[in-house]
Amino acid sequence: MSNAATNDVKRPNKIHRYKPKDSSAPGDDPTPDYMNLLGMIFSMCGLMMKLKWCAWCAVYCSFISFANSRASEDTKQTLSSFMLSISAVVMSYLQNPQPMTPPWQ
Amino acid sequence: MKLTLALSLVLLVFLCQNVGGKKSHKPADLDDNEFAEFEDFDDEGVLSSAEQEATVEEEADFPSESDDIVKTQAKKDDDNEEEEDEGVVENDDDEFEHFTDEDEFEGFDKESRPGKGKSHEVPDLKIAKVPIHLRTNWDSFYLEMLMLAGLGVYFLNFLAGKTKNGKLAQAWMSSHRSILEENFAIIGDDGLSKEAKGTGVFNKESENVYTLWCSGRTCVEGMLVELRLLKRQDLINVMTTIMKPASDQIIVKVTMDASSMDKFCFCIGQKKVMAKLLKEQPDLGQFTEKKAVENYNLPESFQLQSEIGEATSIVLDKKVCAYLEKYEQQIEYIHISDQYSGAKSQYDENQSKMPDVRPSLVFCFNVPGKGKTKTSDVDGMLPLMKLVFYCVDKVGRLALSKEKRLKAEKNRAKAAEGYLKAAHSQLQEAAQLRREEKRRLAKEKIMNEEDPEKARKWEERESKRDMKKKQAKTKMMKVKGM
């Protein structure tokens with residue numbers, strides 16, 4: 001009994017609260033931010049220059065950004081990037097319903 | 001005589017009339033000649049043929065309509081010409097015979113004329129290429145199908161990876177819950193709730209990073225357990241891991257109470273990691289030196305950095321050395337320091353300010369399996385958690401000799417002085433720049449000043465100031481010399 005009492009290392013009166021890491025500092029993994037930016041660039045290229053492959057790349061970049069995103073990050077940005085890339089794909093097919101041609105053809 | 005005059009007059013009049021009539025009749029004659037073939041026809045027939053000529057040009061666009069027109073006209077003319085339907089066609093041939101004259105046109109090939117029938121000498125139509133429509137031809141959209149399939153595969157991998165990582169975290173929690181509950185008052189705190197209630201679950205930082213904060217223990221301020229699992233939810237990362245195998249990592253960071261730990265700095269870890277740590281951790285670079293591992297009978301793969309030998313020998317006792325030998329592959333590094341400040345930011349080149357330090361113990365463990373981790377592998381990490389608590393208690397009880405303590409304090413004082421000097425020199429530089437800037441502005445002002453009197457006065461003042469400074473310097477030099 002006394003052994004249990006002396007071995008008890010718990011101190012309920014010495015509790016310190018958790019301080020979450022500063023999210024504004026550049027984290028060790030910049031992948032979601034880079035992919036987000038890349039996705040937006042591809043979307044704009046796909047929309048303005050009517051390039052289907054750009055639009056598809058944008059969709060992939062948004063997906064990768066979403067997969068690697070941190071929980072503390074704003075979901076609105078990821079969602080808006082997604083929507084932009086999907087709109088780029090839809091617009092490029094509405095303007096030109098032709099299928100994509102691979103570069104070797 | 002009178003009779004002859006009258007007759008001649010009549011003749012003249014008659015002749016005049018004839019001449020005028022001929023002229024007027026010429027176009028009519030021409031017209032008549034043009035439509036000479038249709039003389040037998042009624043006016044309507046003439047009109048229909050004219051219409052046909054007009055419609056031939058439009059045949060390309062409205063072949064059916066012209067056919068209809070011809071037919072309707074043909075029906076009207078039925079009374080007069082029974083064979084008008086075919087007669088019209090035949091007439092067309094006759095009508096446009098001069099167009100088929102080879103001598104008339106260059107490069108005209110009679111044989112290549114379009115066949116008779118409804119086409120009515122339709123010019124060679126070039127049918128425009130209609131773009132392939134989605135509804136008509138799915139096969140041509142194979143690249144799009146490929147893209148969608150790729151997205152589908154990525155999404156499926158995302159779900160599978162996310163689930164696997166979640167299961168691993170859950171498995172760790174269930175196997176380590178008992179030992180954590182023995183040592184800490186609260187397990188799991190997100191820092192946001194009003195009361196410090198232990199949630200008992202991980203905080204999900206991302207799909208592959210889980211954190212757990214435990215607090216309420218003797219000598220310890222708190223312990224942060226970070227599960228840095230592989231990015232199984234990202235297909236690209238999965239493929240990279242296939243080519244270059246990596247392990248899931250568990251990083252345990254124990255923050256000690258300020259008064260609980262003696263002053264020393266120590267680190268032991270895998271050689272390939274130590275180089276990176278020496279660059280990133282300022283305390284290791286400032287206070288520690290490389291020591292030989294052979295003295296402690298440790299495997300060659302480890303590298304030892306130590307500040308105070310006495311502290312190192314106390315920490316690396318038999319039990320710890322046995323652990324290091326047994327779990328050689330699983331122990332990435334153990335970093336114990338009273339000057340722990342975390343990794344140096346790459347962007348922050350400013351070394352003048354002393355970083356915020358806390359006495360800490362950091363343990364980094366690799367989960368066995370090299371990526372192909374099973375939940376049973378995670379359960380096997382329990383002995384290493386026991387090592388953590390053993391080290392924490394040991395460091396808490398550690399007491400250096402007076403001599404070593406003084407040495408440690410001296411080292412820290414030296415480091416602090418270095419920071420102060422750097423800060424001071426930076427301040428001096430900044431002050432110098434400000435002064436120069438001020439002078440430059442004043443000079444510009446004077447240059448722009450139109451009043452020569454004022455300019456002269458300012459220049460005199462400046463020269464007097466410079467002279468005084470020089471005199472003061474020389475005086476100081478003289479005093480020093482004496």
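Before the first stop, one term: buried area is the accessible area, taken with a 1.4 Å probe, that two parts lose on being put together, summed over both. Keep in mind too that this is a predicted model.

**Stop 1: both chains together.** Colour chain A and chain B separately and look at where they meet. Between them about 3500 Å² is buried, and carbon and sulfur atoms give 62% of that. If you select the contacting residues, you'll pick up 35 from chain A and 50 from chain B.

Stop 2: What is chain A built from? Chain A has 105 residues, and 31% of them count as buried. Now think about contacts within chain A whose partners are separated by 6 or more positions: 68% of these join residues 24 or more positions apart.

Stop 3: Bring chain B back. How many salt bridges does the rule find across the interface of chain A and chain B? There are 3. For one of them, select Arg17(A) and Asp189(B): their side chains meet with 2.8 Å from N to O. Sorted by class, the side of chain A that touches chain B has 19 nonpolar, 8 polar and 8 charged residues.

**Stop 4: aromatic rings.** Over all chains, the count comes to 13 aromatic pairs. Start with Phe42(A) and Trp53(A): the ring centres are 6.4 Å apart and the planes sit at 70°, so this pair is edge-to-face, since an angle over 60 degrees counts that way. Phe42(A) belongs to helix α2 (residues 31-48) and Trp53(A) to helix α3, 11 residues apart along chain A. Buried or exposed? Both are in between: Phe42(A) is partly exposed at a relative accessible area of 21%, and Trp53(A) is partly exposed at 46%.

Next, select Phe63(A) and Phe155(B). Their ring centres lie 6.1 Å apart with planes at 70°, which makes this pair edge-to-face. Here the pair crosses between chains, going from helix α3 of chain A to helix α5 (residues 142-183) of chain B. Phe63(A) counts as buried because its relative accessibility is 12%, and the cut-off is under 20%. Phe155(B), at 38%, is partly exposed.

Now widen the selection to Phe63(A), Phe66(A), Phe82(A), Tyr154(B), Phe155(B) and Phe158(B). Ring pairs link these residues into a cluster.

**Stop 5: Glu221(B).** Move over to chain B and find strand β4, residues 220-228, where Glu221(B) has its place. Is Glu221(B) buried or exposed? With a relative accessible area of 16%, Glu221(B) is buried. Show what Glu221(B) touches, leaving out residues up to four places away in sequence: from chain A there is His16(A), and from chain B there are Trp213(B), Ser215(B), Thr255(B), Met256(B), Asp257(B) and Arg358(B).

Terms used. Residues are numbered from 1 along each chain as its sequence is written. Chains are lettered from A and ligands numbered from 1 in the order in which they are written. This is a predicted model: local features need pLDDT of at least 70, side-chain atom pairs count only at pLDDT 80 or more; totals for chains, interfaces and linings use all residues. Side-chain values use heavy atoms; hydrogens and water are left out. Contact means heavy atoms within 4.5 Å. A salt bridge is a side-chain nitrogen of Lys or Arg within 4 Å of a carboxyl oxygen of Asp or Glu. Ala, Val, Leu, Ile, Met, Phe, Trp, Tyr, Cys and Pro count as nonpolar, Asp, Glu, Lys and Arg as charged, and the others, Gly among them, as polar. Rings of Phe, Tyr and Trp (its six-membered ring) pair if their centres lie within 6.5 Å; planes under 30 degrees apart count as stacked, over 60 as edge-to-face and the rest as tilted. Helices (H or I, at least four residues) and strands (E, at least two) are DSSP runs, numbered from the N terminus. Buried means under 20% relative accessible area, exposed over 50%, partly exposed in between (1.4 Å probe, protein chains only).
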